[in-house]
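Dear colleague,

Please find below the structure that I am handing over to you. A summary of the findings follows it.

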Amino acid sequence: MSDTVTRRLRVRAPELAGRGWLNTGGTDLSLADLRGRVVVLDFWTFCCVNCLHVLDELRPLEEKYADSLVLVGVHSPKFEHEADPDALVAAVERYAVHHPVLDDPELVTWKAYTARAWPTLVVIDPEGYVVASMSGEGHAHGLSVLVEELIEEHAAKGTLRRGDAPYVPPPAPETALRFPGKAVTLPDGSFLVSDTAHHQLVHLEDDLVTERARLGSRAVFQEPQGLALLPAEVAARVGYDVVVADSVNHQVKGVRLADGAVLTLAGTGRQLRERSGSGPALKQDLSTPWDVAWFADRVVVAMAGVHQLWALHLATDPADNTVAVLAGTSAEGIRDGVADEAWFAQSSGLATSADGSRVWVADPETSALRSISLTDNGFEVETHVGQGLFDFGHRDGAAGQALLQHPLGVTVLPDGSVAISDTYNGAIRRFDPVAREVSTLATGLREPSDAVVEVDGDEARLVVVESAAHQLVRVPIPAEAQVVDGLARQTQRPPTELSAGDVELVIGFTPPTGQKLDHRWGDPTQLMVSSSPEAFVREGAGTATGLARTLHLDPAVGSGILHISVRAAACDGDPVTGEVPEHAACHLYQQDWGIPVVLAEGADTELRLDLRGV
């Protein structure tokens with residue numbers, strides 16, 4: 001790093017303040033305690049799939065620079081449930097977070113560092129100054145370059161202090177299941193469960209405890225989630241019975257129950273960066289598939305990492321399988337209508353209706369129940385319950401005003417209604433598609449993430465995957481459900497004040513040392529802007545190249561949410577000339593923002609967001 005850059009960036013890092021610390025053995029940390037080390041703050045929230053991607057990206061850096069780098073997670077919650085300290089403790093274990101975590105439920109540190117998105121990374125040098133901020137995914141390479149520069153610079157200055165990180169692992173708990181994700185009923189009445197944190201599938205007897213078999217291992221699965229039992233005739237043709245969403249491996253796999261054989265059906269094992277794709281399934285990157293369902297002679301995949309639904313067509317030979325985007329643009333939010341123009345938000349639960357006419361979708365980041373169906377006009381998407389990215393709660397009644405909180409699962413009940421695993425409310429909710437009303441079937445559960453129907457004679461009940469309690473439990477379906485008139489909640493992010501009329505949107509992006517924006521085939525950037533409501537942005541919406549744009553915000557609307565997505569490709573350049581060689585390695589940086597905005601007289605006329613700023 002040059003002296004010029006170092007001098008320009010003498011911005012003192014604000015102190016780390018919150019409710020308390022995890023993974024430190026009970027010790028509170030301060031920036032003074034970390035002086036002499038390179039510090040990376042990872043602003044995250046455990047509902048956010050992009051944050052989970054970044055956790056995985058950072059693991060190699062933690063190991064490589066263990067004696068010089070301290071990674072600190074700053075957990076700044078989006079949902080009310082995420083502010084529960086016990087829920088955070090569980091999430092830190094669930095996602096194998098092996099560094100100190102600051103519990104920031106009031107967003108004190110989030111505000112001090114002016115974070116605007118989950119995830120955001122902030123780099124602090126060994127002298128306690130902020131030197132860079134980065135939003136979104138894909139920064140591992142650039143971050144590694146920056147950390148090496150800081151280590152070299154401060155080793156030469158004598159301001160680098162090497163040593164062990166302040167991470168203290170908590171005691172390792174042991175339970176038969178650990179954060180199970182999804183379940184499916186098998187023809188003989190037994191259950192197959194994704195034992196997510198143990199990286200296996202477990203075949204349970206109908207007592208929900210006795211294990212018939214464990215399938216796979218960490219070498220085969222990485223945090224498996226959704227399961228779908230194939231129709232018998234399809235299973236006989238392809239040679240396996242169950243399809244599995246292998247989330248962290250970014251693959252879809254098939255399992256033959258007779259001998260436990262596992263086959264890869266889709267995905268290369270690399271995370272999808274382009275947010276689109278089609279063609280041979282085994283050559284296509286995927287992004288955190290979370291659930292699967294059989295629908296219209298194909299496997300529908302909830303591709304949580306890119307906010308889309310994909311279709312996987314199964315051939316007799318997996319080498320001939322194909323995939324394609326079924327619905328969703330990759331923009332995050334609620335937008336209905338034709339499938340290729342719809343928006344989703346981390347879709348994580350799927351269930352096909354009894355008549356096969358639609359797939360119900362749990363869309364957790366918008367706390368919504370959605371569906372996709374095949375009509376005369378093609379596939380269409382509809383929202384049944386849900387308001388948007390920042391509205392949630394526990395409120396029953398008419399579907400148009402009912403509220404959920406980050407639901408992860410959906411289950412079709414015998415009467416055609418839909419049971420919703422309302423995960424962050426700890427409840428099972430019911431949507432009646434005829435009356436268009438929502439009610440509550442059960443409460444007091446610990447992060448229910450899925451459920452299956454069990455029929456015993458004339459009686460039907462639910463077997464619920466109670467993920468944070470590490471078990472499956474039976475829950476009766478009451479003849480009359482409760483009606484809860486709870487509070488409506490909103491994510492407690494302060495809105496950004498902007499001036500009405502023309503506002504300049506500027507995305508800051510500084511490629512890492514040794515990389516250049518590659519203009520050989522045109523502008524390597526893309527900026528997509530939209531709003532909720534759509535009328536909020538009168539001019540300037542849409543998709544185009546460039547990292548700056550003029551938006552005209554309508555004063556008659558007054559407030560709304562700006563949905564901003566940006567991508568920038570930077571390639572390794574010649575260190576002397578700066579030119580990009582023909583076969584240079586390239587890196588894609590991208591981020592989505594959903595920014596609440598209120599128009600105010602005299603407010604800023606520029607909105608600056610850093611994709612990678614120094």
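In which sense, parallel or antiparallel, do β10 and strand β11 (residues 211-215) pair? The model is predicted, and in it the two strands pair in the antiparallel sense, over four bridges. His203 stands opposite Ala213 in β11. Six residues lie between the strands of this hairpin, and among them Leu208 takes a positive phi near 70 degrees.

Strand β10 also pairs with β9 (residues 191-195), which runs antiparallel to β10 and is joined to it by five bridges. Here Phe191 has Leu204 as its bridge partner. The hairpin of β9 and β10 has four residues between the strands, and His199 in the turn has a positive phi of about 60 degrees.

Five of the five residues of β10 (residues 200-204) are buried, so the strand is largely enclosed by the rest of the structure. Gln200, Val202 and Leu204 point one way, whereas Leu201 and His203 point the other way.

Elsewhere, the largest nonpolar core holds 41 residues, and Leu41, Trp44, Phe46, Val72, Tyr113 and Ile124 touch the most other members. Elements that give two or more residues to this core include β3 (38-44), α2 (49-64) and β6 (120-124). A second, separate core of 26 residues includes Phe509, Leu547, Leu553 and Val566.

As to confidence, the mean pLDDT of the protein is 93, and 97% of its residues reach 70 or more. Over residues 1-7, however, the pLDDT is below 50. Where pLDDT is low, the predicted coordinates should not be read in detail.

Yours sincerely

Note on methods. Residues numbered from 1 in each chain as written. Predicted model: local features only at pLDDT ≥ 70, side-chain atom pairs only at ≥ 80, totals over all residues. Heavy atoms only, no water. Core = buried A, V, L, I, M, F, W, Y, C linked by side-chain atoms within 4.5 Å. Buried < 20%, exposed > 50% of the residue type's maximum accessible area, 1.4 Å probe, protein only. pLDDT = per-residue confidence, 0-100. Contact = heavy atoms within 4.5 Å. Pairing = 2+ DSSP bridges.
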